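I opened this notebook to record what I looked up in one structure.

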Amino acid sequence: MHLAIDKLEKSFGKRAILKLNKLDLQTGETVGIFGRNGSGKSTLMKILFGTMRATASSLYLDTVPFDPATTIARKLIAYLPQHSFLPGGFKVRDIIPLVIADGEAQNRVFYSPGIASFENQRIGSLSMGQLKYLEFLLVAYLDHPFLLLDEPFSMIDPLYHQVIKEVIGSLKASKGILVTDHYYENVWAVTNRHYILVDGLLLPIETKEELTKHGYLPSRR
Ligand SMILES: Nc1ncnc2c1ncn2[C@@H]1O[C@H](COP(=O)(O)OP(=O)(O)OP(=O)(O)O)[C@@H](O)[C@H]1O
């Protein structure tokens with residue numbers, strides 16, 4: 001499947017945040033987006049997922065015009081938002097089958113490293129990192145063809161960064177994945193193509209040095 005952005009603009013009042021011209025995301029590839037705080041990465045993901053409306057857009061799914069308002073109902077895109085989305089009152093072991101219908105996919109979450117150590121806890125009692133890790137696994141193992149990951153590594157301890165990279169690697173062949181995180185080395189390790197969002201424009205980048213050139217990384221490290 002092929003998700004194509006021909007145009008995507010978003011303004012808040014008079015402030016233009018996104019002025020994208022072209023972005024393609026195909027199943028079988030993982031695309032990284034870098035950008036400074038406030039550059040519009042989360043805004044882009046919210047618009048594609050359908051929880052925020054673009055000011056103007058021209059989007060296509062396999063060459064057919066695509067309205068993100070239909071994303072959730074069509075189970076097209078799984079989305080890990082920056083902020084937690086699970087209800088606090090449920091136990092971890094009960095929320096897994098509520099989010100994921102498929103038994104095999106549920107087991108992938110249950111048997112992921114570390115989950116057994118807190119599967120009997122309530123969501124509301126998890127640490128921020130445990131919660132983010134659980135939410136990452138839940139959206140990653142949904143059967144949707146596209147996956148948007150907004151900061152999957154943030155708040156999670158380094159031991160599990162490797163697990164997350166392996167999960168993304170295992171899904172790469174079957175899904176179109178868009179990922180952003182300020183742990184840019186981790187993003188770079190799992191992506192096929194990379195962009196940096198500068199002044200509302202998505203600029204393709206080939207080397208990490210370009211992250212410095214575009215003012216994302218400091219020039220002396
Ligand atoms: N609902 C809103 N109303 C007004 N401004 C908003 C709204 N949502 C986001 N913005 C602004 O849009 C800009 C882009 O925000 P966004 O969260 O997309 O950035 P980001 O690249 O994801 O940043 P970070 O790396 O800090 O997560 C910011 O300046 C933010 O203040």
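**Entry 1: conventions.** I note that residues are numbered from 1 along each chain as its sequence is written. This is a predicted model, in which local features need pLDDT of at least 70, side-chain atom pairs count only at pLDDT 80 or more, and totals for chains, interfaces and linings use all residues. I took helices (H or I, at least four residues) and strands (E, at least two) as DSSP runs, numbered from the N terminus.

**Entry 2: strand 1 and its partners.** I counted two strands as paired if DSSP finds at least two bridges between them. Strand 1 (residues 2–12) runs antiparallel to strand 3 (residues 23–26), joined by four bridges, and Ile-5 stands opposite Leu-23 there. Strand 1 is also antiparallel to strand 5 (residues 56–61), with six bridges; in that pair Ala-4 faces Tyr-60. With strand 2 (residues 15–20), strand 1 pairs in the antiparallel sense over five bridges. Strands 1 and 2 form a hairpin with two residues between them, and Gly-13 in the turn has a positive phi of about 60°.

Entry 3: I then followed an open sheet of six strands in the order 7-8-9-4-10-11, with mixed pairing. Its edges are strand 7 (77–80) and strand 11 (201–205), each pairing on one side only. On average, neighbouring strands of this sheet are turned by 20° against each other, direction ignored. Axes are lines fitted to C-alpha atoms, for helices over the stretch in contact, and angles run from 0 to 180 degrees between N-to-C directions. Strand 8 (residues 146–150) and strand 9 (residues 176–180) are parallel over five bridges, and Leu-148 has Leu-178 as its bridge partner in strand 9. Helix 4 (residues 128–140) packs on the sheet and touches strands 7 and 8, its direction making about 175° with that of strand 7.

**Entry 4: the core.** I used this meaning of a nonpolar core: buried Ala, Val, Leu, Ile, Met, Phe, Trp, Tyr and Cys residues joined through C-beta atoms within 7 Å. A residue is buried if 20 or more other C-beta atoms lie within 10 Å of its own, exposed if 12 or fewer, and partly exposed in between, with C-beta atoms placed from the backbone. The largest core has 54 residues, of which Leu-137, Leu-138, Val-139, Leu-147, Leu-148 and Leu-178 touch the most other members. Helix 4 gives the most to this core, eight residues. Apart from neighbours within four places in sequence, Val-139 is in contact with Ala-78, Tyr-79, Leu-80 and Leu-147, contact meaning C-beta atoms, placed from the backbone, within 7 Å.

**Entry 5: two loop residues.** Which residue between strand 5 and strand 6 (64–65) did I note? It was Thr-63, in the loop there. Thr-63 has a positive phi of about 70° although it is not a glycine, and Thr-63 is exposed, with 8 other C-beta atoms within 10 Å. Lys-75, in the loop between strand 6 and strand 7, is not a glycine either, yet has a positive phi of about 50°. Lys-75 counts as exposed because it has 11 C-beta neighbours inside 10 Å.

Definitions and conventions
Two residues are in contact if their C-beta atoms, placed from the backbone, lie within 7 Å.
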